[in-house]
Amino acid sequence: MNEKIIFLQLVKDQIKSMEAKKAVELELAGHIEETAKFLISGGLTREEAEAKAVRQMGDPVKIGARMGQLHRPKVDWNLLWLFIILHLIGFIPILVTGWDYQPSLIDKAGDVLLGFLIVLVLMMFDYRKLKEKPWLLMGTAAVALIVFYHFGLLSIVVYNSPLLWIGPFRSESIIVMPLLFAGWAGILHRYAHRPVLLICTFFLSLAVFMPVSRMSNVIIYVAMVFLMYLWTIRKKRKQVLGSVAALSVMLTGYGMIFWKFATPGMKERIMGFLNPEAYKFSSGYMPLQIKKYLSNSGWLGPTHMREKLVLPESYTDMAFVTVTYTFGWLFAIGLALFLLAVTIRMGWISRKTPDPFGQLIVVGAVALYTVPLVYNIGMVLGLLPLAGVSLPFISYGTVPVILNSILIGLVMSVYRRKDLVGMPAEK
């Protein structure tokens, strides 16, 4: 048997992980080939050069043990523990809500278990397989939006927004966001140098997504694409500044058009945010209720006699108000820091990942996680208009759990393979 084959097999025998075996085999075979070419140029035959190159590599058993340790897939326990702890905290708004309708703890536990399984499956999945299929992912998202939301197959309209309804499962169009997110990672990885293609793809996707989506979901989508694009051009200062200026102009223009053609009800909602006292019996009611509960929340709980917390969506979009009023600002600040720790951890992973495509996956996940986080806390603090934006991990609902679990699972897949250098994804 060929000495090279024997050597590589002995090395692989010392390695437990199948992915690491392939990574190490590819890496060592490349080193042997480079050395053999150099020796051939010195007058040796291919067989002699390859045999000598193998002997120069050293003891295959020791090399295998060392390389197995270096390239073994890893689990990001820090991110996984944050995922578990935050989901456990997510039970609190259900337990303390003051509404007559009490969300099911069993359903919540089922959602958390489903999310955990999604994370484990995606962590084992090789994210690099997505690199070659960006148009398939984008196309699948477009077809799903058109069939289920534009044409209304298996969907109903609730508050002027189409809702996919299959048995107990209900979801807005945001359910396709993971497909769009993974598709954009592949497109930006391949075509970041082709701005015309990127612009056309963005506006075409927006034309399909926007008409069947709430404005809050459109904002999340635009922010995700823009932040991922900025990451790809981060070293080109002029291009970054130009992109920021272009987005600012586009948003300003859209804001003017939106205000001109907005319905009276929409304008009243915005005025209720700007001046809630003047609209306290209509659109200003919710901001004033939130302000009342937060102002009565001391560092450790209500400063006055505790009253029953009666707030719409107290266990979903208003979950941050619920925990603040119940346990006080110290608990709320601690919760916000835990939520922010997920962003920081994912940002750290993006810096440690040598694969540009893996970096885009993580950056997209950071955007899809952090934008709702900032908006949800910002709106309950009165800094942003109220919108249907869930607080990651804490808000009740199956769809938010699925979406955030997909993000965490893909990020953990990137982390698991960050040391598997030189290994192509399996077809």
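**Close-ups of a predicted helical model**

Residues are numbered from 1 along each chain as its sequence is written, and side-chain values use heavy atoms, with hydrogens and water left out.

**View 1. The whole chain.** Here we have 18 helices and 3 strands, taken as DSSP runs (helices H or I, at least four residues; strands E, at least two) and numbered from the N terminus. The C-alpha trace spans about 90 × 50 × 45 Å along its principal axes. Take the contacts (heavy atoms within 4.5 Å) with a sequence separation of 6 or more: 69% of them link residues 24 or more positions apart.

View 2. Look at α1 and you'll find Lys-4, Phe-7, Leu-8, Val-11 and Lys-12 buried. These residues sit on the same side of α1, because they cover an arc of only 130° around the axis (judged by the directions from the helix axis to the C-beta atoms). Over in α3, the buried set is Ala-49, Glu-50, Ala-51, Ala-53 and Val-54, and these pack against α1 (3-13) and α2 (18-41). How far apart are the end C-alpha atoms of α3? They are 17 Å apart, which agrees with the 16 Å that the 12 residues (46-57) should span at 1.5 Å a residue; that expected span is 1.5 Å times one less than the number of residues. Just after α3 comes Gly-58, with a positive phi of about 105°.

View 3. β1 (residues 155-158) and β2 (residues 161-166) pair in the antiparallel sense over 4 bridges; pairing takes at least two DSSP bridges between the strands. In this pair, Val-157 stands opposite Pro-162. The β1–β2 hairpin has 2 residues between its strands, and Tyr-159 in the turn shows a positive phi of about 50°. β2 also runs antiparallel to β3 (residues 169-171), joined by 3 bridges, with Leu-164 opposite Ser-171.

**View 4. Nonpolar cores.** A nonpolar core is a set of buried Ala, Val, Leu, Ile, Met, Phe, Trp, Tyr and Cys residues joined through side-chain atoms within 4.5 Å. Which members touch the most others in the largest core of 99 residues? They are Trp-184, Tyr-221 and Met-224. Helix α17 gives the most to this core, with 14 residues. Apart from it lies another core, of 18 residues, including Leu-28, Val-54, Met-67 and Leu-420. Zooming in on Tyr-221, its contacts include Met-138, Met-177, Leu-180, Trp-184 and Phe-202, leaving aside residues up to four places away in sequence.

**View 5. Thr-353 between two helices.** Thr-353 lies in the loop between α16 (329-352) and α17 (356-380). Is Thr-353 buried or exposed? Its relative accessibility is 2%, so Thr-353 counts as buried. The Thr-353 side chain reaches the backbone oxygen of Ile-349 at 2.6 Å. Skipping residues up to four places away in sequence, Thr-353 touches Gly-358, Gln-359, Val-414 and Lys-418.

Methods:
Predicted model: local features only at pLDDT ≥ 70, side-chain atom pairs only at ≥ 80, totals over all residues. Buried < 20%, exposed > 50% of the residue type's maximum accessible area, 1.4 Å probe, protein only. Polar contact = N/O pair within 3.5 Å; in protein donor to acceptor, adjacent residues only side chain to side chain.
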